[in-house]
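Here is a friendly walk through one protein model, taking a few residues and a few helix pairs in turn. Keep the structure open beside the text and look up each place as it comes along.

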Amino acid sequence: MQAARQRQARLTKPAGSLGELEELSVRMAGLAASCPPPVLAPAALAIFAADHGVHAQEVTPWPQAVTTQMVANFLAGGAAVNAFARQAGVGVTIVDVGVLSDLDPADGLILAKVRNGTADMSEEPAMSREEAVAAVETGIGVAGRLIDEGARILLTGDMGIANTTASAALISVFTGRDAGMVTGYGTGIDAATHLRKIEVIKRALALHEPSAEDPIGALSTVGGLEHAALAGFVLGAAARRVPVILDGVTAVAAALAAQALAPLSREAMIAGHRSVEPGATVALAKLDLAPLLEFGMRLGEGTGAVLAYPVVASAVRVLHEMATFDSAGVTEK
């Protein structure tokens with residue numbers, strides 16, 4: 001990191017003129033233990049898909065079948081994240097870690113189902129501890145697989161109707177904030193549904209009393225299978241010294257679990273954007289991560305992470321390709 005700062009000081013620009021990108025490049029050098037760090041290409045996005053039993057509490061107007069339908073849309077290349085990924089040159093992989101229906105094999109789809117959706121967390125644990133561990137290990141395995149296939153940076157994606165309910169519950173657990181402060185409108189629910197969503201989360205938290213000191217317990221009682229897999233995905237990236245760009249509220253909720261499991265994993269995390277979901281800002285503050293983009297987005301899928309990828313890659317490429325004052329024959333002040 002010191003070498004990266006010294007190199008930044010010798011590049012043909014006023015000191016500090018690239019702002020936050022300079023410190024981002026320094027962080028990437030530290031993570032890779034190399035200056036300059038590896039060029040961050042190719043990039044790989046993993047969209048972890050799962051369903052949620054809490055859907056039965058009418059926390060969203062969207063039918064649960066949309067999860068399966070959107071997986072098909074991803075595979076067909078028809079979602080917003082597919083368009084963004086094509087523009088940015090990002091590979092897309094979908095992982096079925098807990099979709100309610102059974103999916104057929106397809107190119108670009110990893111079948112790694114731990115169970116067919118979670119249970120209703122407001123009435124019973126969302127899953128067993130063993131299932132939560134299995135989902136975490138699935139995420140670790142996907143990260144390792146993508147890195148072994150050549151990825152130099154990983155991006156988080158998610159799909160699961162009602163997953164913002166589980167996200168808010170996890171953020172409440174890991175930050176200590178009241179459920180009402182971290183629960184948003186998700187896919188665009190009305191005020192009555194929002195209030196019901198908050199009450200459902202409060203009921204689940206009172207029933208299970210999850211603790212930030214037991215991240216597997218928190219994931220198993222009030223999390224989702226995609227949250228657990230995303231936490232593992234972050235851990236898998238960090239263990240290999242590969243950066244991982246976090247998307248929205250589901251990703252940062254999972255990142256809190258990853259940080260609780262292994263605090264140093266935070267050093268591999270990059271906040272792609274700030275979701276308008278209130279829990280996202282609370283989670284980012286707990287993670288001490290500043291988002292790169294603020295577009296007022298709340299789509300999920302990995303869209304914010306994919307949009308942020310060229311920014312992160314550019315920050316690193318500067319260390320590789322920008323001339324120094326000496327090499328370019330440019331006079332310093």
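Let us begin with Ser172, which touches Arg177, Asp178, Ala179, Val182 and Leu205 when residues up to four places away in sequence are not counted; contact here means heavy atoms within 4.5 Å. This is a predicted model, in which local features need pLDDT of at least 70 and side-chain atom pairs count only at pLDDT 80 or more, while totals for chains, interfaces and linings use all residues. Residues are numbered from 1 along each chain as its sequence is written, and side-chain values use heavy atoms, with hydrogens and water left out.

Ser172 sits in helix 6 (residues 163-175). Helices (H or I, at least four residues) and strands (E, at least two) are DSSP runs, numbered from the N terminus. With a relative accessible area of 9%, Ser172 is buried. The scale is simple: buried means under 20% relative accessible area, exposed over 50%, and partly exposed in between (1.4 Å probe, protein chains only). The side chain of Ser172 also reaches the backbone oxygen of Arg177, at 2.6 Å. Such a polar contact is a pair of N or O atoms within 3.5 Å; within protein, one must be able to donate a hydrogen and the other to accept it, and residues adjacent in sequence count only if both atoms are side-chain atoms.

Glu277 belongs to the loop between strand 6 (269-271) and helix 12, and at 5% relative accessibility it counts as buried. Its side chain reaches the backbone nitrogen of Gly184 at 3.4 Å. Leaving aside neighbours within four places in sequence, Glu277 is in contact with Thr164, Gly184, Tyr185, Gly186, Lys197 and Val249. If you want a sense of distance across the model, the C-alpha atoms of Glu277 and Pro37 are separated by 33 Å, and these residues are 240 apart along the chain.

Gln57 is in the loop between strand 1 (43-50) and helix 3 (65-76). Its relative accessibility is 18%, so Gln57 counts as buried. Among the residues that Gln57 touches, beyond four places away in sequence, are Asp120, Glu123, Arg196 and Arg203.

**Backbone features worth a look**

Most residues other than glycine have a negative phi, and most peptide bonds are trans. Which peptide bond has omega near -5°? The one from Cys35 to Pro36, and it is cis. Another cis peptide bond joins Ala41 and Pro42, with omega about 0°. Pro36 is in the loop between helix 2 (20-32) and strand 1, and Pro42 is in the loop between helix 2 and strand 1 as well.

Two glutamates have a positive phi. For Glu209, phi is near 50°; for Glu301, phi is near 70°. Glu209 is found between helix 8 (191-208) and helix 9 (215-222), in the loop, and at 66% relative accessibility it counts as exposed. Glu301 lies in the loop between helix 12 (278-287) and helix 13 (303-321), and it is buried, with a relative accessible area of 6%.

**Two helix pairs**

Two packed helices are described by the angle between their axes and the distance between the axes. Axes are lines fitted to C-alpha atoms, for helices over the stretch in contact, and angles run from 0 to 180 degrees between N-to-C directions.

| Helix pair | Angle | Axes |
|---|---|---|
| Helix 1 (residues 2-10) and helix 13 | about 70° | 10 Å apart |
| Helix 9 and helix 11 (residues 249-261) | roughly 150° | within 9 Å |

Helix 1 and helix 13 are therefore roughly perpendicular to each other. Their contact is made by Ala4, Arg7 and Gln8 of helix 1 and Val318, Leu319 and His320 of helix 13. By class, this contact has 3 nonpolar, 2 polar and 1 charged residues. Ala, Val, Leu, Ile, Met, Phe, Trp, Tyr, Cys and Pro count as nonpolar, Asp, Glu, Lys and Arg as charged, and the others, Gly among them, as polar.

Helix 9 and helix 11 are roughly antiparallel to each other. Angles under 35 degrees count as roughly parallel, over 145 as roughly antiparallel, 65 to 115 as roughly perpendicular and the rest as oblique. Here Pro215, Ile216 and Leu219 of helix 9 meet Ala257, Ala260 and Leu261 of helix 11, a contact with 6 nonpolar, no polar and no charged residues.
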